[in-house]
Amino acid sequence: MSAIIQNKEVKTSALHFAALQPPRRYLFGPGPSMVHPRVYEALSKPIVGHLDPYFIKVMGDVQQLLKTAFGTKEGATLVISGTGSAGMEAAIANFVEPGAKVAIFANGYFSDRLTEMAKRHGADVVRFEKSWGETYTDHEAQEFIQREKPKVVAYVHAETSTGALQSGQAICAAAHNAGALVIADCVTSLGGVPVEFDKTGIDVAYSCTQKGLSCPPGLSPMALSPGAMDWLRARTSPVRSWYFDLKLIHDYSTVSHRYHHTAPISMFYALREALLVIDEEGIENRWERHRRCHKSFVKGVETMGLSMHVPEEHRITTLNTVRVPGGADEAEVRKRLLDEPGIEIAGGFGPLAGKVFRIGVMGPLATEDNVQFFLKEFKRALN
C-alpha cells in the first residue's frame with residue numbers, strides 16, 4: 001500500500017514541473033556569450049570515463065588548441081574543472097606562498113577579487129589603485145614594481161566590470177627585472193582579443209569558456225610559462241588547495257594520467273569543438289572580425305549621441321561599456337530589451353552602478369547584421 005502511495009506522490013510531483021524550455025535569448029551581455037551550434041552538438045555526444053584513452057586524447061587536443069588561442073609555443077596549457085574564478089584561485093594558490101609580497105594593479109572588480117584571494121592565502125598585498133575604467137602607463141607600472149619589489153605581480157588584462165584593456169608588456173618586463181612572476185586575468189580576452197602570452201611575457205594566465213570561446217561556462221583554461229613550471233617544480237611547501245594543485249592536475253592531464261578528479265567529460269568535448277571552430281576560422285581572422293564589429297558598434301552608439309566609458313585606445317573590442325545618458329533608467333532599458341526582443345545586456349556595478357551599460361559583441365553575435373539588429377533595438381528601448 002505504501003509503495004502505491006509513494007508512486008502516486010512521484011507522479012503528482014512530476015506533473016507539477018513543466019518541461020525544461022529555457023527562453024531564447026540574444027546574449028549581448030559580458031558573458032555568457034552565444035554558443036556555437038557545433039558546440040551544442042558536441043555536448044550531446046556519449047560520455048566515456050575520465051581515465052578512458054579517448055578522453056585522454058580529448059584533453060591532449062584541447063591543450064594543443066589552447067596554445068594557439070593563448071599565443072604560446074613553449075608554455076604549458078591545461079584546464080581547470082571550474083569556472084574562471086577557479087582558474088584565478090588556482091593561480092593564486094600555486095604561486096602565492098604565505099608571507100609573499102603580491103603587487104596588484106587594482107582598477108576594477110576582478111582585481112579586487114584577486115586581492116581577496118591573495119589575502120586569504122596569506123599574501124602581503126600591495127595595490128596600485130586607479131578608478132574603474134582607467135589603465136596604467138608603462139612608466140607607472142615600472143615605478144610601482146621597482147618600488148615594491150614583489151614576488152608576484154597580478155593584473156587584469158581585460159576588466160569585465162569596466163571594459164578596459166590593460167597592456168601587459170611593461171608590467172611583465174618590470175616584474176621579471178625584479179625577479180617576480182606575473183599572473184594575468186584573461187577571462188574576458190581569450191578567444192576574442194589577442195592575449196599573446198609569449199610575446200607579452202606572461203607567466204600564468206587563466207581564462208574561462210563562456211566569453212570569447214563561445215562555449216558554456218564550467219572550465220578554466222590556463223597557460224604556464226617554462227619559468228612558472230620551473231617555479232612549481234621547485235616549490236617545497238604544499239599548495240594549500242589539494243583540488244587546485246597544478247602539479248597534480250598537470251600530471252593527470254599531461255604526464256601519467258593518474259586519477260586526480262572526475263573531469264566534466266561533456267564540457268571538455270564542448271571546449272574542444274569551440275577551439276576547433278576558432279582554429280578553422282583562424283585566430284587572427286577572429287580577432288579582426290571582433291575589431292570590425294566593435295568599430296561598427298561604437299559608430300552606431302555615437303550616432304545616437306551616446307559616449308563610451310573607456311578611451312578608444314584602451315577599449316576591449318568584445319565588451320563595450322556605454323555611458324547611460326542623462327534621464328535614462330538603466331535598469332528599465334535592460335528590462336525592455338529582455339522583455340521584447342529577448343536581448344540580454346548588463347548594467348554596471350560597484351562605482352559604475354547605474355552609470356554604464358555593459359554590452360558584449362562576441363562569438364556568433366559578432367557580425368555586422370547582428371550589430372545593426374542590436375543598435376536598432378537598443379535605440380528603441382532608450383526612446
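Both faces of strand S2 are covered in this structure: Ala76, Leu78 and Ile80 are buried on one side, and Thr77, Val79 and Ser81 are buried on the other. The model is a predicted one. In a regular strand, side chains alternate between the two faces of the sheet. Strand S2 spans residues 76-81, and since six of its six residues are buried, the strand is largely enclosed by the rest of the structure. Its pairing is with strand S10 (residues 219-224), to which S2 is joined by six bridges in an antiparallel arrangement. Within S10, Leu224 is the bridge partner of Ala76.

**The sheet S11-S14-S13**

Three strands form an open sheet in the order S11-S14-S13, and their pairing is antiparallel. Strands S11 (319-323) and S13 (346-347) stand at the edges with a single partner strand each, so one side of each is left without a neighbour in the sheet. The antiparallel pair of S11 and S14 (residues 356-360) is held by five bridges, and Thr321 has Arg358 of S14 as its bridge partner. Helix H13 (residues 330-339) lies across S13 and S14 and runs at about 30° to S14.

**Helices H12 and H14**

Helix H12 comprises residues 283-303 and helix H14 comprises residues 368-382; their axes come within 10 Å and cross at roughly 20°. Angles under 35 degrees count as roughly parallel, and H12 and H14 are therefore roughly parallel to each other. Their crossing is right-handed. From H12, the contact draws on Cys293, Ser296, Phe297, Gly300 and Val301, while H14 contributes Glu368, Val371, Gln372, Phe374, Leu375 and Phe378. Sorted by class, this contact of H12 with H14 contains seven nonpolar, three polar and one charged residues.

**Helix H7**

In helix H7 (residues 169-177), the residues Ala170, Ile171, Cys172, Ala174 and Ala175 are buried. Their cover includes both strands and helices: S3 (101-106), S5 (152-156) and S8 (181-185), together with H6 (138-148) and H8 (197-200). After H7 comes Gly179, which has a positive phi near 80°.

**Ile316 and His290**

Ile316 belongs to the loop between H12 and S11, whereas His290 is placed in helix H12. The two residues are 26 residues apart in sequence, and their C-alpha atoms are 9.8 Å apart in space. Residues under 20% relative accessible area count as buried. Ile316 is therefore buried, at 0% relative accessibility, and His290 is likewise buried, at 0% relative accessibility.

| Residue | Residues in contact |
|---|---|
| Ile316 | Ala158, Glu159, Gly163, Ala164, Leu165, Thr188, Val193 and His294 |
| His290 | Gly191, Gly192, Thr317, Thr318, Val361, Met362, Gly363 and Ala366 |

Among the contacts of Ile316 is His294, and among those of His290 are Thr317 and Thr318.

Technical notes
Residues numbered from 1 in each chain as written. Predicted model: local features only at pLDDT ≥ 70, side-chain atom pairs only at ≥ 80, totals over all residues. Heavy atoms only, no water. Buried < 20%, exposed > 50% of the residue type's maximum accessible area, 1.4 Å probe, protein only. Helix = DSSP H or I, 4+ residues; strand = E, 2+ residues; numbered from the N terminus. Pairing = 2+ DSSP bridges. Contact = heavy atoms within 4.5 Å. Axes fitted to C-alpha atoms, helices over the stretch in contact; angles between N-to-C directions. Parallel < 35°, antiparallel > 145°, perpendicular 65-115°, else oblique. Left-handed = near helix turned anticlockwise from the far one by under 90°. Nonpolar A, V, L, I, M, F, W, Y, C, P; charged D, E, K, R; others polar. Lists of a residue's contacts leave out its neighbours within four places in sequence.
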